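Q: I would like to go through this model step by step. Could we look at the display together and begin with a single residue?

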Amino acid sequence: MQIAVLTFDGFNELDSFIAAAILNRLRPRGWTAHITSPTERVTSLNGVTIHRQKPLAFAAEADAVLIGSGIRTREIAADADLLGEIRLDPARQLIGAQCSGTLLLARLGLIATLPACTDLTSKPWVIEAGVDVLDAPFVAHGNVATAGGCLASQYLAAWMIARAAGEAAAREAIHYVAPVGEKEETVARTLGVVAPFLLADATVTGRYG
């Protein structure tokens, strides 16, 4: 399972790094989450500069894609050339977006009239894009999921793992990263949020594990 974590200049560290770290718990199963960017280096909203692991074109070939948020998302959403480089296929890929990343999904035409989640700051922009925003941390429609709030990264990661490797693998990954003394509670809460959106007949399950 190869995953592109789309990370742009001005990115939110929590969105990209938390999700990537949880997903990489499945490295023994052949999973790898790659920081994927349009430039060799990107600098976070707090001034942390990192080197990308994959170019933006990798998103088209990845098995799954996560889009994080950042302070420049509105600029990216208005950049037709850059958006044209992001080629995603919800029929083949699991796709998730967090906070202002939901705006990019909307601009890419991957949400349409479906309700979605985002953070409170990005909510007006997403509504302006024609999306009905839910007062919820996570929602999924088939192979496309959205989440709102920095710490909602765990929901996107858990959903992706459960869809492609099974619920037991998702429980194990969340249990590992959960705070000591709150592990069972965190696992139950996380799976409780994503479980209603796991398709009983999901053909993705087991394909990559």
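Q: Which residues is histidine 175 in contact with, leaving aside its neighbours within four places in sequence?
A: With those neighbours left out, histidine 175 is in contact with Lys183, Glu184 and Val187. Contact here means heavy atoms within 4.5 Å.

Q: How should I read the numbering and the values?
A: This is a predicted model, in which local features need pLDDT of at least 70 and side-chain atom pairs count only at pLDDT 80 or more, while totals for chains, interfaces and linings use all residues. Residues are numbered from 1 along each chain as its sequence is written, and side-chain values use heavy atoms, with hydrogens and water left out.

Q: Where is histidine 175?
A: Histidine 175 belongs to helix H8. Helices (H or I, at least four residues) and strands (E, at least two) are DSSP runs, numbered from the N terminus.

Q: How accessible is histidine 175?
A: Its relative accessibility is 31%, so histidine 175 counts as partly exposed. The scale runs as follows: buried is under 20% relative accessible area, exposed is over 50%, and partly exposed is in between, with a 1.4 Å probe and protein chains only.

Q: How far apart are histidine 175 and alanine 188?
A: They are 13 residues apart in sequence, and their C-alpha atoms are 9.5 Å apart in space.

Q: Which residues of H8 are buried?
A: The buried residues of H8 are Ala169, Ala170, Ala173 and Ile174. Seen down the axis of H8, these buried residues fall within an arc of 125°, so they line one face of the helix. The arc is that of the directions from the helix axis to the C-beta atoms.

Q: Why would residues point the same way in a helix?
A: An α-helix has 3.6 residues a turn, so residues three or four places apart point the same way.

Q: And what is on the other side of H8?
A: Ala168, Glu172 and Tyr176 are exposed there.

Q: What do the buried residues of H8 pack against?
A: They pack against helix H1 (13–23), helix H7 (153–165) and H9.

**Helix pairs**

Q: At what angle do H8 and H9 pack?
A: Helix H8 (residues 167–177) and helix H9 (residues 183–194) pack at about 135°, and their axes are 9 Å apart. That makes H8 oblique to H9. Axes are lines fitted to C-alpha atoms, for helices over the stretch in contact, and angles run from 0 to 180 degrees between N-to-C directions. Angles under 35 degrees count as roughly parallel, over 145 as roughly antiparallel, 65 to 115 as roughly perpendicular and the rest as oblique.

Q: Is the crossing of H8 and H9 left-handed or right-handed?
A: The crossing of H8 and H9 is right-handed. A crossing is right-handed if the near helix is turned clockwise from the far one by less than a right angle, and left-handed if anticlockwise.

Q: Which residues make that contact?
A: H8 contributes Glu167, Ala170, Arg171, Ile174, His175 and Tyr176, and H9 contributes Lys183, Glu184, Thr186, Val187, Thr190 and Leu191. By class, the contact of H8 with H9 has five nonpolar, three polar and four charged residues. Ala, Val, Leu, Ile, Met, Phe, Trp, Tyr, Cys and Pro count as nonpolar, Asp, Glu, Lys and Arg as charged, and the others, Gly among them, as polar.

Q: How do H7 and H8 pack?
A: The angle between H7 and H8 is about 145°, with their axes 7 Å apart. H7 passes H8 in a right-handed crossing. Gln154, Ala158, Ile161, Ala162 and Ala165 in H7 meet Glu167, Ala169, Ala170, Ala173 and Ile174 in H8. That contact has eight nonpolar, one polar and one charged residues.

**Two positive phi values**

Q: What is phi of cysteine 99?
A: Phi of cysteine 99 is near 55°, a positive value in a residue other than glycine. Cysteine 99 lies in the loop between strand E7 (94–98) and helix H5 (101–107). Cysteine 99 is buried, because its relative accessibility is 3%.

Q: And what about alanine 112?
A: Alanine 112 has phi near 55°, again a positive value in a residue other than glycine. Alanine 112 sits in the loop between H5 and helix H6 (123–128). With a relative accessible area of 57%, alanine 112 is exposed.
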